[in-house]
Amino acid sequence: MSLIKLLPDQLISQIAAGEVVERPASALKELMENSLDAGSADIAVTLGQGGVKLLRVTDDGNGIPHGDLTLALTRHATSKIASLDDLESVASLGFRGEALASIASISRTSITSRHAEASHAWRIAADGGLLGDASPAALDRGTIVEVQDIYFNTPARRKFLKTEQTEFGHCEEAFRRIALSRPDVGFMLQHNGRALMRLAPGAAKRRFTEVLGPDFSAEAFELDESAGGLRLWGMAAKPTFSRSARDTQYVYVNGRFVRDKLISHAIRQAYQDVLHHDRHPAFALFLELDPTLVDVNVHPSKTEVRFREGQAVHRFIFHALHKALATPVGLPANGLVPPPVAAPAISYSSGIPAGQPYPRQQGSFDLRANEAPGFYQTLFGGLPREAVDTSSPLVSSGINQPDMQATLAPPQASSGLSPEQATQEYPLGFALAQLHGVYVLAQNALGLIVVDMHAAHERIMYERLKNALDGDSVPMQPLLLPVSFNADRFEVATVQEQLSTPEGQQTLHQLGFEIVQLSPSTLAVRAIPAMLQDADAVALARDVLRDLREYGGSRVLTERRNELLATMACHAAVRANRILSIQEMNALLRDMEATERSGQCNHGRPTWFQATMADLDKMFMRGK
Amino acid sequence: MNIKINRDTLLKPLSSVTSIVERRHTLPILSNLLLEAKDEKIVLTATDLEMQISLALQTPVGGELSTTISAKKLLDICRSLPENAEITMATAESRIQVKTGKSRFNLQTLPAADYPVMTKATGTTYTVVSIDQKSLKRLFKQVEFAMAQQDIRYYLNGLLFEVNGNRLNVVGTDGHRLSFTSTELAQTYEKQELILPRKTVIELIKLLDDSEEEVTIEIASGQVNFSFGDIKLISKVIDGKFPDYTRVIPVGHKNSFNVDRMTILLAMQRASILSNEKYRGIRMVLGSDSLRLISTNSEQEEAEEELEIAYGGDSLDIGFNVTYMIDVLNNVNCDTVTFSFADANSSCLVTVADDETYKYVVMPMRI
Ligand SMILES: Nc1ncnc2c1ncn2[C@@H]1O[C@H](COP(=O)(O)OP(=O)(O)OP(=O)(O)O)[C@@H](O)[C@H]1O
Ligand SMILES: [Mg+2]
C-alpha cells in the first residue's frame with residue numbers, strides 16, 4: 001500500500017495559484033507582464049465587476065505560435081528561459097512558466113493569439129484548467145487573454161474576495177504600477193464598460209503626471225544618477241509634499257515593481273533629515289543594474305528581489321537621493337520660478353472666499369553652497385548675527401569680507417546691480433520688515449517673500465554643524481566597565497561575521513565600536529563612539545548590529561549624531577520675538593541662498609514662500 | 001491648634017528639608033512637608049518616597065500643631081518676611097493661617113495622618129557605623145562627581161558604600177571613569193555594602209558640615225539612616241550589584257610623574273578650549289621630563305601646553321576626554337597629583353600626595 005501519491009496536474013496548478021493569484025489584481029499583473037514581455041506597444045485592459053467576473057488583456061505583441069498554445073497553459077512551460085544561466089541573468093518580467101497555468105486552473109480562461117508569422121489566429125480555452133482544442137480564430141495581431149469567473153471552482157478562495165470596489169481598486173493599482181514602469185507603451189483601462197484611463201506613449205515625466213497626479217509632479221524633482229554600473233532615475237517629491245500614508249511609493253528594479261526593505265530603508269534615510277518621522281515621502285524610482293547582480297527568483301509573485309551586493313545598492317540609493325534632496329534639480333538655473341502648488345487650506349479674515357487657492361509657492365533656487373571651511377568658520381562665518389547688529393556695524397568691525405556690503409544692502413544702495421541681476425544673484429531678495437517677530441518679509445523681482453525666521457535659521461545652523469563634523473573620524477571611547485548583554489543568535493552571528501575579516505573589524509572600528517563575544521549568547525561592548533558616550537551602549541550596539549546585518553552598513557551613528565546637532569541647532573537659532581535689523585534679515589536671506597536644504601526646516605516644513613506680483617494682483621482682482 | 005516661632009529659627013531648617021521635595025508630583029501630599037510641634041519642640045519632615053529628611057528643633061513654640069503644608073510656599077513666605085519676624089501659625093479645619101505683623105496667609109493643608117512617613121525598618125539587625133561629619137563629607141565629595149547621571153545601569157546612579165573590616169570605602173563610577181576613596185573606622189565590621197542613590201548623596205553633601213560632630217549611620221537591608229545634629233535622614237538603597245571596583249583599579253603602572261595640581265588644571269582648561277566640543281579629546285604626550293597637552297578641533301585649530309615635569313618613563317601619546325581629567329583635578333583637595341600609565345591603551349591612574357587611599361581611574365580615548 002502506498003500513502004504518498006503524486007498529485008494530479010490540475011491540483012498542483014491550483015496550489016500554485018494560491019501564491020501567484022492572490023486576488024484578481026495579481027492575475028492582471030501577470031497578464032500585463034506577459035504582454036510587455038511579448039514586446040507590445042499598446043495594451044488594453046478590460047475589467048468586469050472588479051476583475052472577478054472578467055479580466056481581458058489585449059496586446060499587439062509577438063503573439064504565440066499555434067503549436068505553443070497548449071504549452072502556454074501548461075505548468076513549467078516558458079519561452080523566456082531555457083537554462084540556469086538564463087535564469088540568473090533574466091531580463092524578462094516572467095520566467096517561471098506557471099502564471100497562465102495557475103490562472104487557468106482557477107478560472108475560465110481563453111487565449112486568442114496570432115503569431116507574427118502566422119496566416120491567421122488561433123484560440124484555445126481552458127475551463128478550470130481542463131484544456132480544450134485549439135481552433136482557428138480571427139485576430140489581426142497580438143494576443144487576447146480573457147479570464148472569467150476567478151475562483152469559480154475553488155469556493156474557499158472565493159470567500160476571501162472583497163467587494164467589487166475593493167478588488168477593482170487593487171486592479172487599478174496593479175495597472176498603475178505597470179503603466180508607470182513603461183512610459184513608452186500605451187495603456188488603456190476600462191471597467192464595467194467605462195473607459196477610465198488612456199495613456200499615450202511618451203516621456204516619463206508625462207506618464208508620472210498622468211498616473212500620480214499633477215500635484216505630485218509639480219512638487220517632485222526628476223533625478224537620474226549613475227555610479228558603478230548602478231542607475232537610479234525617476235521622480236521624488238520634495239519633503240514639503242510628504243504624505244501621511246505610504247500611498248505614493250513606487251520602486252522598480254530593472255523595470256519590475258518590487259517591495260524591498262533594503263531600498264525603502266535607504267530612501268527613508270535619505271529623507272530622514274528633511275522629513276518629520278510620521279510623514280512619508282512620495283516617489284517613483286527606478287533602479288537599473290546588471291541582471292546578474294540581482295536575484296528575482298525569491299517569491300512566486302516576483303515582487304521581491306535579493307541583491308548580490310546589498311550594501312553597495314543601499315549606499316548608492318541613499319547617496320543619489322540624499323544629494324538630489326539637498327540640491328533640487330529640474331528647475332531653471334536661476335530659479336525663482338517655482339511650480340504652482342495646491343494650496344493648503346488657509347483661512348483669511350477678508351477678501352478671499354474660503355477654499356480659493358492662495359498663491360503659495362515653495363520653489364528652489366540656485367544654490368551657491370560653499371565648501372565647509374571648518375567648524376567655527378561654518379558656525380559663525382556666514383551670518384555675523386552679533387556683528388551685524390546696528391550697534392556694531394560690520395563694515396567698521398574690521399572683518400575682511402569685501403562682498404558683505406553688497407550682500408547686506410539692497411542693490412540700489414551699492415554696486416549698481418540692475419533688479420534683474422539682483423534677482424539672479426539674490427533670489428530671495430531683500431528684507432523689508434519683520435512681522436510680529438516671527439516672519440521676515442522680503443521683496444524680490446517677482447514679488448513678496450515671506451520667511452519663517454526661526455525655521456530657516458535652525459536649518460542653517462544645523463547644516464553648518466553637520467558640515468563641520470562630516471568627514472571627521474570617529475574617536476572611540478573604550479569603556480572602563482565594558483557592558484555585556486544577552487544577545488540573540490543574529491546579533492552573535494553578525495559580530496562573528498564582522499570579526500572574521502579584517503574589513504569587518506575595520507567597519508566596526510570606523511563606526512567607533514568594539515564588540516566582543518563572551519559566550520555563545522553574550523556579547524560585550526568594549527568601546528563606543530566618544531561623541532555618544534552618554535548613550536545607552538547596548539541599545540546603540542544592537543541598532544548598529546541590526547543595520548550591519550540587514551544593510552551591510554550603518555547610519556545609526558550619523559543619525560544619532562544628527563539628532564544631537566539638531567537639538568543644538570534649535571537652541572542656537574534665533575527665537576521668535578527677537579527683533580532683527582534689516583541687515584540681519586538680509587544676512588539671513590543670503591545664508592538661506594547658500595545653504596543646502598534651506599527650503600525646509602529640520603522637520604520638513606517649508607521655511608519660506610513666495611507670493612508673486614501676479615498672485616497679489618489676482619487677490620486684489622486687478623487687471624481683470 | 002496654634003504655635004509661635006521666630007522666622008529666622010525656622011528658615012534654615014525649612015530650606016534644608018524642602019530641597020528634596022519634588023517640584024512636580026502626581027501625589028499632591030508629596031509637595032507638602034509634615035509640621036509637628038509639641039512640648040517646645042518642632043519637627044519638620046519631607047520625603048520623596050525614596051528618602052526622607054526630618055529636622056527637630058528645640059525651641060519654645062507655646063502650643064501644638066500637626067499638619068502638612070506646601071513646602072515651597074511656606075519657604076517662599078518665610079524667605080520674604082522681614083528678619084526676626086514672629087510668626088504664628090494656626091490651623092482651622094483644612095486650612096492654616098500664617099501670620100506676622102500685618103501679613104496674613106491662608107494656606108491649604110492636608111491631614112498629617114496621610115503623610116507617607118518612612119520609618120526605620122523594624123525587626124532587622126542594624127550595623128551601626130560612626131564617623132565625623134567632616135570626614136564623611138570629604139569622602140562623598142571626592143567621588144560624587146564620578147557617579148552616573150541617568151544611566152540605564154541604574155546601579156551606577158549612586159555611590160558604593162562599603163564597610164569592610166575597619167575601613168569604609170566609597171566608590172563612584174559612570175562606566176568611563178571611577179573614583180575610589182576610603183577611611184579608617186574606629187571599629188571592625190563584617191563586610192557589608194550598599195548603593196546610596198545619587199540624590200541622597202547630593203542632599204547629604206548639602207546637609208553635612210565641616211564639624212567633628214558625629215554621624216551615626218545605621219545600615220539595614222534596603223535602607224540606611226544617617227543621624228547628625230538635628231537631622232535624621234532615611235534613604236532607600238539601590239537594589240543591585242555594584243561593579244567590582246578592585247578589578248578596575250590598576251596596580252603597578254610603571255610610567256608616572258608628579259605635577260602641581262593647579263598648574264596642570266589650568267593648562268588642561270586652556271587646552272580644552274580648542275578640543276572638539278562634541279567629544280572633548282585631548283592628547284597627553286609624554287617625553288623625557290616633558291608633558292605636552294595637545295588638542296585639535298574639527299577646524300584643525302590646535303592648542304598646545306607644555307609642562308616641565310620630572311619624568312623618565314616611556315614616551316607616550318595618549319588621548320583622554322579632558323572633562324574627566326578636569327573633574328578629578330577640580331575635586332581633589334591637595335597640591336600635588338600623580339599620574340600613572342602602563343601604555344596608550346590602558347587606563348590611567350590618578351592619585352594624590354597627601355591621601356594614599358584616593359584613586360581615580362580613567363580610560364583613554366582613541367582619537
Ligand atoms: N501576451 C502574450 N503574448 C505572447 N506570448 C505570451 C503571452 N502570454 C503568454 N505568452 C507565452 O506563454 C508563456 C507562458 O506564460 P506564463 O505567464 O505562464 O509564463 P512566463 O511568463 O514564461 O513565466 P511566469 O510564470 O513567471 O509569468 C510565456 O513564456 C510566453 O511564451
Ligand atoms: Mg508570465
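The model is predicted, so local features need pLDDT of at least 70 and side-chain atom pairs count only at pLDDT 80 or more, while totals for chains, interfaces and linings use all residues. Residues are numbered from 1 along each chain as its sequence is written, chains are lettered from A and ligands numbered from 1 in the order in which they are written, and side-chain values use heavy atoms, with hydrogens and water left out.

**Exercise 1. Explore the surroundings of ligand 1.**

Step 1: Find the shell. Ligand 1 is surrounded by 21 residues, and the closest are A:Asn34, A:Thr78, A:Ser79, A:Lys80 and A:Lys302. A residue belongs here if one of its heavy atoms lies within 4 Å of the ligand.

Step 2: Sort the shell by type. It splits into seven nonpolar, eight polar and six charged residues. In this scheme, Ala, Val, Leu, Ile, Met, Phe, Trp, Tyr, Cys and Pro are nonpolar, Asp, Glu, Lys and Arg are charged, and the others, Gly among them, are polar.

Step 3: See which helices take part. In chain A, α2 (24-37) and α5 (99-105) each give at least two residues to the shell. The largest share, three residues, comes from α2(A). Helices (H or I, at least four residues) and strands (E, at least two) are DSSP runs, numbered from the N terminus.

Step 4: Check the polar contacts (pairs of N or O atoms within 3.5 Å; within protein, one must be able to donate a hydrogen and the other to accept it, and residues adjacent in sequence count only if both atoms are side-chain atoms). A side-chain N or O atom of A:Lys80 sits 2.6 Å from an oxygen atom of ligand 1. A:Lys302 also has a polar side-chain atom 2.6 Å from a ligand 1 oxygen. With A:Gly97 it's a polar backbone atom, 2.8 Å from an oxygen atom of ligand 1.

Step 5: Look at the cover. Ligand 1 taken alone exposes 590 Å², and the protein buries 93% of that. These areas come from the Shrake-Rupley method with a 1.4 Å probe; for residues, only the protein chains shown count as cover.

**Exercise 2. Which strands of chain A pair with β14(A), and in what direction do they run?**

Step 1: Take β11 (residues 230-237) of chain A. Six bridges link it to β14(A), and the two run antiparallel. A:Arg231 stands opposite A:Glu288 in β14(A).

Step 2: Now take β12 (residues 249-253) of chain A. Five bridges join it to β14(A), this time parallel. Here A:Val251 faces A:Leu285 in β14(A).

Step 3: Ask how covered β14 (residues 283-288) of chain A is. Five of its six residues are buried. Buried means under 20% relative accessible area, exposed over 50%, and partly exposed in between (1.4 Å probe, protein chains only).

Step 4: Zoom in on A:Phe283, which is part of strand β14 of chain A. Its relative accessibility is 3%, so A:Phe283 counts as buried. A:Phe283 and A:Met235 are 48 residues apart along the chain, yet their C-alpha atoms are separated by 5.7 Å.

**Exercise 3. Work out the strand order in the six-strand open sheet of chain B.**

Step 1: Walk across the sheet. The order is β10-β11-β22-β21-β20-β15, with antiparallel pairing.

Step 2: Find the edges. β10 (158-173) and β15 (255-260) of chain B each have a single partner strand, so one side of each lacks a neighbour in the sheet.

Step 3: Pick one pair. Four bridges connect β21 (residues 348-352) and β22 (residues 355-362) of chain B, which run antiparallel. The bridge partner of B:Cys348 is B:Val362 in β22(B).

**Exercise 4. Is B:Asn157 buried or exposed?**

Step 1: Locate B:Asn157 in the loop between α3 (133-143) and β10 of chain B.

Step 2: Read its accessibility. At 14% relative accessibility, B:Asn157 counts as buried.

Step 3: Look for a contact. The B:Asn157 side chain reaches the backbone nitrogen of B:Asp151 at 2.9 Å.

Key:
Two strands pair if DSSP finds at least two bridges between them.
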